[in-house]
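Please examine the sequence and the three-dimensional structure shown below. The explanation that accompanies them is meant to be read with both in view.

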Amino acid sequence: MAETRQWRLTSRPTGEPSRENFDLVTVERPEPGPGEVLVRTLYQSVDPYMRGRMRDAESYAEPWDVGEPMRAGVVAEVVESNHDDLEDGDVVTGTLLWAEHAVADGDDLRRVDPDRGPVSTALGVLGMPGVTAYFGVLDVAEPRPGDTVVVSAAAGAVGSVAGQLAGLSGARVVGTAGSDEKTAWLTDELGFDDAINYETTDDLGAAMAEACPDGVDVYFDNVGGPITDAVWPLLNVRSRVAVCGQIALYNATEVPTGPRKLGKLIESRARVEGLLVRDYEDRWGEALDRLSTFVAEDEIRYRENVVEGFENAPDAFLGLFEGENIGKQLVRVAEREA
């Protein structure tokens, strides 16, 4: 029988995860049943939210079971189809196993249009991160011309798109990132008006106040922690905070005491709203149409950090917490054959 490889969760990490929490196993390649397709993974996504799925705790994302394959956003090629609307050679995307091959219900997959851009973008600017930024900015944060918008983790897959969308809305955009290379990318290539390297800044509060002399009207929060603490005192009246991620806290063994800064919301009458992209499933087509137009017209730019080889998938995931990536972090598993 034909074989394939999978990555499985072998233990739940305490604090920061390590390679020891993952195990690469060889298994029999599955066969598709009625309405199903067998796919071969081309690209696999790694995303910060996956850290929460390694915990045995209630969350918006169901925990992975120890000893079982993990799941990720995948771009794949159909190898064998028993689904009426999918043919061998089609490129599709969906949430599938960390595996070289997988079987999926064809109804759970979305066909990828290669004419819109490289198929890998279906996991980045034209996929979940881009769609998250789209609805997080336009529906939740609602930037207006002349607003000051702060985006944390601005050089990441979501933040880089969010900042550019805010700029297209006529706002002044300030980003935070963890290296001079990243901040230069934000200002020189993506059009951010200012950027703060939090790794080399001794006083985040002072740096934020200097970058935002008129206060903050919109905060697109991808990280939480000290950066959010620096933004909070600057919130203007009727400001909007879109809470998209909290990567600064994902590896914490104890949740910091709080919140203690909510008094600022009385003064500012700010609106703070959490964001989950799955709430917008019925509007993905709208977002992808507009994002693909922005990309085609060079109004939104993107980068991909591609880690080669399925065997390096855990390293690609762990690299997210070291700040290795600029733009979207991906694993290239195989080349397209069709």
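The structure is a predicted model. In soluble globular proteins, nonpolar side chains tend to be buried together. Here the largest nonpolar core has 40 residues. Val131, Leu165, Leu186, Phe220 and Ile300 are the members with the most contacts inside this core. At least two residues of the core are supplied by each of several elements, namely H2, E8, helix H3 (157-168), strand E9 (172-177), helix H4 (180-188), strand E11 (216-221) and helix H8 (284-296). The largest share, seven residues, comes from H2.

Once its neighbours within four places in sequence are left aside, Leu165 is in contact with Ala133, Tyr134, Val137, Phe294 and Ile300.

Attention may now turn to helix H5, which comprises residues 204-211. Which residues of this helix are buried? They are Leu204, Ala207, Met208 and Ala211. Because these residues cover an arc of only 100° around the axis, they lie on the same side of H5. The buried residues of H5 pack against E8, E9, strand E10 (194-197) and helix H6 (225-231). At the start of H5, the backbone nitrogen of Gly205 has a side-chain oxygen of Asp203 within 3.1 Å.

Two loop residues remain to be considered. Asp147 is located in the loop between helix H2 (128-141) and strand E8 (148-151). Is Asp147 buried or exposed? Its relative accessibility is 9%, so Asp147 counts as buried, the limit being under 20%. The side chain of Asp147 reaches the backbone nitrogen of Arg144 at 2.9 Å. Apart from neighbours within four places in sequence, Asp147 is in contact with Glu142, Ala171, Arg172, Asp217, Val218 and Arg240.

Asn325 is found in another part of the chain, in the loop between helix H9 (313-319) and strand E15 (328-332). Asn325 counts as buried because its relative accessibility is 10%. A polar atom of the Asn325 side chain lies 2.8 Å from the backbone oxygen of Gly327. Beyond its neighbours within four places in sequence, Asn325 is in contact with Gly156, Lys182, Asn305 and Leu320.

How values were computed: Residues numbered from 1 in each chain as written. Predicted model: local features only at pLDDT ≥ 70, side-chain atom pairs only at ≥ 80, totals over all residues. Heavy atoms only, no water. Helix = DSSP H or I, 4+ residues; strand = E, 2+ residues; numbered from the N terminus. Buried < 20%, exposed > 50% of the residue type's maximum accessible area, 1.4 Å probe, protein only. Polar contact = N/O pair within 3.5 Å; in protein donor to acceptor, adjacent residues only side chain to side chain. Contact = heavy atoms within 4.5 Å. Core = buried A, V, L, I, M, F, W, Y, C linked by side-chain atoms within 4.5 Å. Arc of directions from axis to C-beta.
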